[in-house]
Amino acid sequence: MATRGFTGRRPSAALAKRLPPGQYLEEDFPVLSKGPSPRIDLATWRFTLGEGPRPLASWNWQEFQALPRTVWQGDIHCVTKWTKFDTTWEGVSIDDLFAAAGITPPTPYLLAISHDDYDTNVPVADLLGGRAMVATRFDGQPLEAQHGGPARLLVPHLYFWKSAKWLKGLRFTARDEAGFWELRGYHMYGDPWRQQRFSDDP
Amino acid sequence: MSSTWQEAIVERVGHITPRIVSIVLKAPLLTTPVAGQHVDVRLTAPDGYEAQRSYSIASAPEADGIELIIEKLDDGEVSPFFHDVVEPGDTIELRGPLGGHFIWRPDEGGPLLLMGGGSGIAPLMAMVRQWRVSSATTPLLLIYSARTWEELAFGDELLALQAQAPNFMFVAATTRGAARRKDDLERRIDAASVAAILTRWDYEPESVYVCGSNRFVEAGTTALLDAGVPATLIRTERYGGAA
């Protein structure tokens, strides 16, 4: 059904191909969060891999900085409809993180846990094979607090609420447990190309 | 959450500030929202091209129509349509109500502190109206910032409410225009002004909602934290970038 008088502004065909359905191109980098940006001190920052309540490995900021680094360039998609093209991130790939910890994933699911009590679920398979990292730099600079610094998860092939800001750890879970937004009506998986925004989207 | 698209009829279009238009929609199939929720709006061009945006609901949950307020972005794709094109009787598509975090129900109580900037007043206005409709006795403080008094949406309604509801305190902060009342601010909200307002209010907030541009929300939440409001009480909703 056409909306009377609406013409819209189409991106070029080349750009349109890179836009998932329902998304629009954003030049800026919008900020969204459930609360205030937490105040995080690098002197006490720790990153912990755990299984349930049991820690498997943990790094302080210096130790984390010494892990192998990866750069990723590409597009990111927020469930609030904006897509940003050609972003550049640097951090530690989840493959390298698990290798440094000397673990193979004990379960197929995990929750990314943040300093502000935010969490979000991601299947472990979606984090492996170079598809995800713990990012500490954006666009060549240390990641700003508003964008999740000092460290955030980056899972760019899923809606960006999965890329938890202010990350402090990953916790393996036996089942696929819903996180903060997933408990509040958002989709358990969140594939932007299938428009998996809300729990009743296919 | 309900992700089914449905048709809504535009009932009223009102330019309520120089930059904000109020659109009242009849959406009979929409579930009753919770104050603070939003809807997704979908516009379709003749060739099938679609644009979607999210807008907070400003009306009280039980109100007859759904009121959205839309700020005009000069280089925007969708907001100029709502400012310059849409008319009563038009049909647009929407889905919702959506959102399960930036919401307030009367039984959640308070004292309740709402802080809004510009068109970020929308979900807070739904809470204020819900609070009034439900005859809530919980103290409610609204700190609302815009560039000038004329750019405060719902200014008259808020003044009238303050005059009749002893538990409602409304402080306006105009960043580029004169204050109208002695306790209003003529500058940006900062920690010192928040602390002074909280002292005057004489309550400790139990629930805090901050909505506006990202820059406004960063400044507002920083001021609240510096004034000693615990981070765990503060919920935010933001739009726009870090710049």
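In this predicted model, chain B and chain A bury about 3,500 Å² between them. Carbon and sulfur atoms account for 50% of that area. On the side of chain B, 46 residues are in contact with chain A. On the side of chain A, 39 residues are in contact with chain B. Six salt bridges are counted between the two chains. One salt bridge pairs A:Asp201 with B:Arg95. The closest N and O atoms of A:Asp201 and B:Arg95 are 3.7 Å apart. Polar contacts also cross the interface of chain B and chain A: the rule finds 19 residue pairs, with both residues at pLDDT 80 or more.

Several elements of chain B give two or more residues to the side that touches chain A. They are strand 3 (38–44), strand 4 (50–56), strand 6 (91–98), helix 5 (214–226) and strand 11 (234–239). Helix 5 of chain B provides the largest share, six residues. By residue class, the side of chain B that touches chain A divides into 15 nonpolar, 16 polar and 15 charged residues.

The fold of chain A can be described next. Chain A has three helices and 11 strands. From the N terminus on, its elements run α-β-β-β-α-β-β-α-β-β-β-β-β-β. The radius of gyration of chain A is 17 Å, and the globule rule gives 17 Å for 202 residues, so chain A is as compact as a globular protein of that length. Along its principal axes, the C-alpha trace of chain A spans about 60 × 35 × 35 Å. Of the 202 residues in chain A, 53% are buried. Among the contacts in chain A with a separation of 6 or more, 65% are between residues 24 or more positions apart.

One residue of chain B shows a charged side chain in a buried place. B:Glu67 belongs to the charged class and lies in strand 5 (residues 66–71) of chain B. The relative accessible area of B:Glu67 is 10%. The cut-off for buried is under 20%, so B:Glu67 counts as buried. Neighbours within four places in sequence are left aside in listing its contacts.

Most peptide bonds are trans. In chain B, however, a cis peptide bond joins B:Gly96 and B:Pro97, with omega about 0 degrees. B:Pro97 is placed in strand 6 of chain B, an element that gives two or more residues to the side touching chain A. The peptide bond from B:Gly110 to B:Pro111 is cis too, with omega near 0 degrees. B:Pro111 sits in the loop between strand 6 and strand 7 (112–117) of chain B.

Phi angles also need a look. Most residues other than glycine have a negative phi. In chain A, A:Asp117 is not a glycine, yet its phi is positive, about 70 degrees. A:Asp117 is found in the loop between strand 6 (109–114) and strand 7 (119–123) of chain A. The relative accessibility of A:Asp117 is 58%. The cut-off for exposed is over 50%, so A:Asp117 counts as exposed. A:Gln195 is not a glycine either, and its phi is positive, about 50 degrees. A:Gln195 lies in the segment after strand 11 (167–173) of chain A. With a relative accessible area of 23%, A:Gln195 is partly exposed.

Note on methods
Residues are numbered from 1 along each chain as its sequence is written. Chains are lettered from A and ligands numbered from 1 in the order in which they are written. Side-chain values use heavy atoms; hydrogens and water are left out. Contact means heavy atoms within 4.5 Å. Buried area is the accessible area (1.4 Å probe) that two parts lose on being put together, summed over both. A salt bridge is a side-chain nitrogen of Lys or Arg within 4 Å of a carboxyl oxygen of Asp or Glu. A polar contact is a pair of N or O atoms within 3.5 Å; within protein, one must be able to donate a hydrogen and the other to accept it, and residues adjacent in sequence count only if both atoms are side-chain atoms. Helices (H or I, at least four residues) and strands (E, at least two) are DSSP runs, numbered from the N terminus. The radius of gyration is taken over C-alpha atoms; the globule rule is 2.2 Å times the number of residues to the power 0.38. Buried means under 20% relative accessible area, exposed over 50%, partly exposed in between (1.4 Å probe, protein chains only).
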